Amino acid sequence: MKAPLSWLKDFVDTGLSIAEIAHQLTMAGMEVEEIQVIGLPMPAHGTVDTKVTGLDWDREKIVVASISEVMPHPNADRLTLCKLYDGQRDHVVLTGAPNLFEFKGKGPLPKPLKVAYAKEGAVIYDGHAEGLVLTTLKPATIRGVESYSMVCSEKELGISDEHEGIMFLEDDAVPGTPLVDLLGDAIFEINLLPSYARCASMLGLARELAAMTGKPLKQPAVPAVPAPGKADFAAISIEKPELNPRFTLGLIRNVKIQPSPAWVQRRLRAYGMRPINNIVDASNYVMLEIGQPLHAFDHDKLLKRSSGKPVQISTRTARKGEKITTLDGVERTLSESTVLVCDAAGPVSIAGVMGGAETEVDENTTSVLLEAAAWNMINIRKTAKAQNLPSEASYRYSRGVHPAMAERGLRRCLELMQQWSDGEVAAGVVDEYPLPPKTPVVEITPADVKRLLGIDVPAPRIAKLLSHLEFKVEVNGETIRAACPDHRMDIGEGVTGKADLIEEVTRVYGYDNIPEVRMSDVLPPQKGNPVLDKEERVRDLLVAHGLQEIISYRWSTPEREARRIAPGSAADDKPYVKIANPLAYEKAFLRHSVLSSVLDTVERNARNRDHLAFFEIGPVFLQGEEPGLPNELKRLAIVMAGQRQTKGWQPADTGKMDFFDLKGVISGLLNGLRLDEVKYVSGEYPSFHPGKCAHILVGEKQVGVFGELHPGVRGRYDWPATFKAPVLAAEFDLDLLLSLVPALYQTSDLPIFPPVLEDLALVVDEAVTAEKVEALIRQTGGKLLADVRLFDLFRSEQIGAGKKSLAYSLTYQAPDRTLKDDEIKQLRNKIIKRLEYEVGAKLRA
Amino acid sequence: MTDSSILDELEAIRKAGLDALAPLADEEALQAWRTAHLGRSAPVMLVFQKLGTFAADLRPQVGQAANQVKVALETAFNERSTVLREQALAQSIASEKLDVTLPGRPITHGRLHPDTQMLRELYRVFGEMGFQVYRSREVETDEFNFQMLNFPVGHPARDMQDTYFVEAGDRGDNPIVMRTHTSPGQVHAMQEASATNPQNPPPLRIILPGMCYRYEQTDARHETQFDQIEGLAVGPGITFTNLKATLSDLARRLFGQNARTRFRASFFPFTEPSAEFDVECFLCGGKGCAVCGGGWLEIGGCGMVHPNVLRNGGYDPERYSGFAFGLGPQRIAMLRYGINDIRYFWDNDLRFLEQF
């Protein structure tokens with residue numbers, strides 16, 4: 001909310017600079033997000049901890065002037081010439097302000113118009129430009145008339161964005177007075193937090209400022225109206241006090257509807273509200289001044305509805321399907337939780353949110369029935385949300401306005417209406433107050449403060465700090481008994497009340513004054529996070545294998561994710577977790593597949609890079625049988641595609657990555673996780689080429705699957721024309737995988753005795769898998785066979801169709817001796833025989 | 001043969017050898033010279049072979065002279081050989097000069113996502129202060145995301161966190177939501193810990209990282225999906241002074257030993273007193289710049305755990321106190337690395353990721 005410094009000064013004089021006031025407010029929880037300076041000198045750079053905008057008015061060049069006559073322009077109907085006196089001499093000033101037309105050609109004015117006048121060389125905003133553009137006034141000739149100065153609009157002076165006409169000043173403004181002395185101001189834009197409802201007014205903010213600076217608060221005077229007496233103009237009945245704890249009414253007759261005084265209009269505009277007329281403005285003014293929203297009814301319209309009988313106001317919840325047309329002209333259907341203010345003929349306003357159109361004040365109104373009430377904040381918030389009707393009134397009511405404020409607001413508003421409309425306030429207030437709130441009373445001690453804040457604050461000091469905020473305090477030894485003032489609703493009782501009070505103590509004491517002390521409390525049991533540790537190990541291993549980690553949006557759509565499933569494969573028919581209020585359809589579903597996220601990333605990056613290797617670890621969201629919390633399952637997906645190496649100026653392996661590049665990464669990962677008994681089994685998966693797909697087993701458990709993307713899947717992605725590489729992908733059930741990772745592993749001693757290396761080339765049928773051959777070699781070789789590595793695979797006519805040659809490099813080694821030649825020869829023959837017998841292998845010459 | 005003639009001959013052998021050696025310029029010629037002048041049939045060697053033919057009294061003199069010649073030739077050979085080797089080396093070094101400005105071989109290597117890097121740094125810093133990592137689910141019930149954290153149903157504090165709801169039928173006041181903060185994990189963690197010993201729950205010191213969601217339009221500064229890391233310390237003697245020290249220590253670790261912090265009053269339903277935690281802008285030194293505005297950077301929110309939240313977690317607020325705080329790892333990364341658009345994070349453009 002916005003707070004003009006000049007208005008705050010009605011209630012507190014801090015003697016502080018703009019920068020200091022902003023700092024005080026910010027530190028006390030009312031963060032000043034921006035300061036708009038109007039005319040005053042700008043705070044020096046580095047003195048303000050927030051954004052500052054605005055215009056510094058030259059004292060000499062921007063002054064009060066009086067217009068004594070408005071004359072027509074000889075060559076332009078839409079322009080006028082003003083005869084103007086600036087305190088030093090007369091000028092003729094050219095203007096196009098439409099609000100001067102009514103004075104055009106009327107000869108000398110009976111009462112001069114007081115205006116803001118910018119002389120030659122003055123820096124103001126360009127009134128015609130979009131936004132705020134500075135301009136310096138220079139002599140020019142407009143339609144044959146010389147012009148060097150200007151009568152200003154509010155926009156040109158940076159007061160508001162009003163540029164419909166020039167700004168009129170009070171009649172008693174003295175020509176020649178520097179305008180800044182009259183109108184200089186600073187508007188603080190404050191981010192008001194939900195618990196600071198008490199500060200949603202000038203008085204509320206001033207009260208905090210007074211407390212923070214130790215300066216006295218100028219309490220508003222109690223208005224003299226209405227005069228005491230029995231209020232017989234209306235009666236009130238409240239159906240649900242818990243929704244409407246208090247309702248008050250006052251009456252003012254014989255009002256003259258007219259514009260409010262200029263200073264009132266300026267204050268409303270400075271806040272950001274549009275002035276309407278003196279009656280509506282008075283209700284808005286009081287709301288901004290002390291925080292109590294009010295609503296003005298046209299009393300005669302109400303009387304007409306009740307056929308002349310005294311007005312009978314009742315408040316109740318809406319009936320099913322009930323409708324009302326609000327001030328904004330919209331017919332609204334109400335829910336049964338909406339509270340209505342009604343008269344005998346039906347609803348006249350939505351309580352605390354917006355008045356009805358039928359009984360609103362208009363230019364013909366002569367008599368005003370004024371409402372000031374208290375409503376249930378939760379209920380008002382619900383209604384304002386349901387009707388999508390955020391208003392200044394509902395803003396305050398939905399954060400909590402104390403019922404005690406109702407009568408204060410009513411009296412103050414009647415007082416202002418009387419002043420601004422020449423009306424007569426009827427005696428008495430109709431006040432129905434069925435549910436006065438209990439005043440929270442909290443007892444705290446310095447020990448309580450010490451326990452939470454860690455600092456020693458003596459009891460009298462605590463009492464003093466609280467009394468600055470108008471708590472009524474009694475000190476009894478070490479106990480402070482504090483009663484909550486009747487302008488706030490955010491203080492609880494018991495242990496919560498203590499915390500509430502300690503927060504208030506802290507704010508006035510100053511957060512900055514609390515020292516820093518490192519924790520010395522007992523350390524909790526040290527459990528660590530073994531699952532996270534393993535997950536991070538997976539990340540490290542994959543990065544070490546050259547992959548880039550990504551983190552994607554959790555959103556997707558079924559259509560987008562369906563791309564990963566090959567034509568003809570079973571569709572993913574598991575129900576999606578669906579967002580009820582998505583920002584867009586693309587963000588309406590939680591993903592089923594991390595693989596799909598990574599494929600999308602590869603697709604986007606294929607335009608910029610020729611080597612693509614990504615992985616992502618994250619959850620997928622699967623809806624269980626019952627609607628409710630979904631299962632969040634952790635997945636790992638890897639996608640690789642493109643050139644093996646990026647080509648530089650030297651020779652590089654620019655071949656396309658294939659199935660075995662990915663398998664190398666996967667083997668490296670599983671090996672690095674110390675998983676034994678890993679098996680790769682030819683298998684199928686809806687995303688993959690059926691002949692280029694393997695299931696990954698650890699023991700008997702399938703932890704993942706990988707393969708080359710099915711051509712039908714690959715074709716669904718939008719690759720650049722030059723991108724021909726196969727796309728390799730893997731997906732793991734990471735929860736399962738990590739559960740199999742051993743906590744510890746064993747190492748072996750370095751060999752002392754020399755190894756014997758030997759090659760073995762075999763010819764086998766195509767159907768015999770490499771895994772089978774290697775397993776047989778290892779089994780037969782036993783402990784003396786330290787390592788087996790496939791180093792060549794080829795097929796040729798010489799070997800014969802349907803055959804392949806596998807060449808292995810074998811390493812024999814014994815831990816306790818140097819192996820003898822004939823030992824190795826025997827072992828080798830054993831291996832060859834076994835392979836011949838089991839898989840029909842033939843030794844290649 | 002006279003003694004003088006053999007001595008003259010030796011001198012001639014020496015001179016001939018040295019003369020032949022002087023012009024030699026390559027290793028091959030050098031080896032040929034060595035065979036010719038120091039080999040088995042070299043003239044000086046022949047003198048040794050026929051040493052027996054000299055008179056006995058002459059033998060020592062001739063032998064000594066022959067030896068001197070041999071040593072002289074060997075020395076000359078070694079010297080020459082060294083010179084030539086050095087020359088050759090110098091030449092070869094000169095000819096092998098690289099253009100060191102040519103680019104290195106592009107080694108493809110992997111990287112962690114910047115957010116992971118940031119989280120790991122935070123895990124490490126907090127780990128050293130005794131905080132352990134606790135993670136919990138991303139889709140939550142209203143009860144855990146809000147109610148247990150002292151956001152009553154319909155409370156205006158809920159306006160601070162625009163919420164995504166998940167379609168799950170009519171669940172009344174307990175709809176399913178995308179968590180708006182990692183704070184529900186605070187309640188889960190407290191409940192788990194207090195369940196182990198309901199009468200005297202153990203102290204707790206955890207950080208809670210994770211993805212959070214807010215229903216808001218995205219722009220360069222706002223994301224509808226963002227990650228957060230919260231901290232929670234609960235124990236019999238945790239105070240606001242501890243909170244300030246912990247976060248100021250964090251600021252010094254993240255932004256340098258001179259980093260200044262400030263705490264200003266704020267409001268969060270689940271803490272009281274609540275504060276915003278700012279760090280003096282390390283870009284401008286607190287003078288005010290385009291990034292910070294007035295010299296301070298908003299880093300996160302914090303406060304003393306609200307009594308209702310402690311109670312909901314199974315901790316008696318009359319006996320235990322705690323502090324909690326929340327930070328945005330993305331925001332910290334953005335400040336430190338000059339990232340101008342928060343949407344870069346989950347967009348995964350390699351041109352962004354490769355910069356980390």
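**Note on a predicted two-chain model**

1. In this predicted model, B:P273 is found in strand 8 of chain B, which covers residues 271–280.

2. A:P226 is found in a loop of chain A, between helix 5 (202–213) and strand 14 (234–238).

3. As to overall architecture, chain A has 22 helices and 41 strands. Its radius of gyration is 41 Å, whereas a compact globule of 845 residues would have a value near 28 Å. Taken along the principal axes, the C-alpha atoms of chain A fill a box of roughly 130 × 80 × 60 Å.

4. Of the 845 residues in chain A, 44% are buried. Among the contacts of chain A with a separation of 6 or more, 69% are between residues 24 or more positions apart.

5. The contact between the two chains takes 89 residues from chain A and 84 residues from chain B. Several elements of chain A each supply at least two residues to the side that touches chain B, including helix 2 (18–27), helix 9 (377–386), helix 15 (530–544), helix 17 (594–605) and strand 32 (611–622). The largest share of that side, eight residues, comes from helix 14 of chain A. By class, the side of chain A that touches chain B has 41 nonpolar, 26 polar and 22 charged residues.

6. For chain B, the domain assignment gives domain 1 (3–95) and domain 2 (114–353). The C-alpha centres of these two domains of chain B lie 88 Å apart.

7. A:E677 is not a glycine, yet its phi is positive, near 55°. A:E677 lies in the loop of chain A between helix 18 (659–672) and strand 34 (678–682). This residue counts as exposed because it has 10 C-beta neighbours inside 10 Å, and the limit for an exposed residue is 12 or fewer.

8. B:N150 likewise has a positive phi, of about 75°, although it is not a glycine. B:N150 is found in the loop of chain B between helix 6 (142–145) and strand 3 (165–166). Is B:N150 buried or exposed? B:N150 is buried, because 21 other C-beta atoms lie within 10 Å and the threshold for a buried residue is 20 or more.

Definitions and conventions. Residues numbered from 1 in each chain as written. Chains lettered and ligands numbered in written order. Predicted model: local features only at pLDDT ≥ 70, side-chain atom pairs only at ≥ 80, totals over all residues. Helix = DSSP H or I, 4+ residues; strand = E, 2+ residues; numbered from the N terminus. Rg over C-alpha atoms; globule rule 2.2 N^0.38 Å. Contact = placed C-beta atoms within 7 Å. Nonpolar A, V, L, I, M, F, W, Y, C, P; charged D, E, K, R; others polar. Domains from an automatic or database assignment.
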